[in-house]
Amino acid sequence: MAELRHSSSLGSRATSSPMKRDGVGDSSPLIPDNDLPDDRHASKDRDRPYAPISITSAPTSLGALSSAFHDFPPPNNAPYLCKKDGIVLHCPHVKESPSLWENPFSSTTSWKPCAERRDGVISELPPENKTNGYIFIHAEGGLNQQRIAICNAVAVAKIMNATLILPVLKQDQIWKDQTHFDVDHFIDYLKYDVRIVRDIPEWFTDKAELFSSIRRTVKNIPKYAPAQFYIDNVLPRIKEKKIMALKPFVDRLGYDNVPPEINKLRCRVNYHALKFLPDIEQMADLLASRMRNRTGSSNPYMALHLRFEKGMVGLSFCDFVGTREEKAKMAEYRKKEWPRRYKNGSHLWQLALQKRKEGRCPLEPGEVAVILRAMGYPKETQIYVASGQVYGGQNRMAPLRNMFPNL
């Protein structure tokens, strides 16, 4: 228990909200864009004129995109108008616009930090045994959702003057990660903000009850609940029981309905307290270095999070082109993993078509390729595919690879 602990999970959940997506290098998952402290820009590359681009293929569809592009007349020799020769696509060479790679936050480098820890501050926190009690949460979903849950857990503990038991990270079935974050740094960095303990206190002997008993679980927390909800509804139960689990805890704290200091604390957790373990940081530096060496200093690269793993496709309940055998296997997978939603499966076909038309499905790799071309990225663009095993394998990846061979 000396590290952020893990149990099994079904992985990321499909959602159309940008605050709930798992991705790489996306904007702050914690607070609205117009309320962001400058900590989101505290990176090694923020002073560079160009920075690696990170794109997450959010749920949408080509049908939903048609109206968006309809209002803009296609430029001459449009980059997405490619000619097909057998299975090979020939796309016209287009000089890319420098603005495709500009750092959109370069003008904010003069902003001053507001969320880092202030050293030398005398802690006013009460001892562990003098707080209002203990709270315990499971951090579910993919890595980004887990970060959000941890940030919210620290914030909720602060709101209720409670001691936070180190959150359990549910192990993702795709990535199979054992641990992510430096726990010692996490606890030490927040020692002036919230009491955090590594494990359930020894005096609480029936630890299994905390995971299973309804008497020890707060289940009625609405999504994006205000701070006052926790004070009025959750805090009394914590004072009574001393230890309570909050479940489920995905997006169970609002953003606009909490004090500014709480949002600053969330930022402090996300950008300062949650630090990856050294081996993860070293691997990230190695990958970035390889991509830069591959492209050359003057040519940036793109990190593309496809979000088209088997779990995401299954959970979306959308229909994608495939063989009968492939469809039958996916049906069995959905029936096993989500039996309540699946029922007998007869109602899903029309629902899948409707979701596809409304743009509420994950993008296929080929659809992502068309969008990137429409945005102006040329065929020569260097792309790092940051995702799990793509559903459908190389056949599903072929259209993307044809349009962007430098994968």
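Student: Which residues does K355 touch, not counting residues up to four places away in sequence?
Tutor: In this predicted model, K355 touches S316, F317, C318, R341, R360 and C361. K355 is found in helix α11, residues 348-357. The C-alpha atoms of K355 and F317 are separated by 8.7 Å, though the two are 38 residues apart along the chain.

Student: Why is K355 called buried?
Tutor: Its relative accessible area is 9%. Buried means under 20%. K355 therefore counts as buried.

Student: How do you know whether Q382 is buried or exposed?
Tutor: Compare its value with the cut-offs: under 20% is buried, over 50% is exposed. Q382 has a relative accessible area of 14%, so Q382 is buried. Q382 is found in strand β12, residues 382-385.

Student: What makes the pair Q382 and R294 a polar contact?
Tutor: The distance between their side chains is 2.7 Å. The cut-off is a pair of N or O atoms within 3.5 Å, one able to donate a hydrogen and the other to accept it. The pair qualifies.

Student: How do you know that the span of helix α9 agrees with its 14 residues?
Tutor: At 1.5 Å a residue, residues 324-337 should span 20 Å. The end C-alpha atoms of α9 are 20 Å apart, so the two agree.

Student: Which residues of α9 are buried, and what puts them on the same side?
Tutor: They are M330, Y333, R334 and E337. They cover an arc of only 95° around the axis, which puts them on the same side of α9. These buried residues pack against α8 (310-316) and α10 (339-342). The face turned away from the buried side carries the exposed residues R324, E325, E332 and K336.

Definitions and conventions
Residues are numbered from 1 along each chain as its sequence is written. This is a predicted model: local features need pLDDT of at least 70, side-chain atom pairs count only at pLDDT 80 or more; totals for chains, interfaces and linings use all residues. Side-chain values use heavy atoms; hydrogens and water are left out. Helices (H or I, at least four residues) and strands (E, at least two) are DSSP runs, numbered from the N terminus. The expected span of a helix is 1.5 Å times one less than its number of residues. Buried means under 20% relative accessible area, exposed over 50%, partly exposed in between (1.4 Å probe, protein chains only). The arc is that of the directions from the helix axis to the C-beta atoms. Contact means heavy atoms within 4.5 Å.
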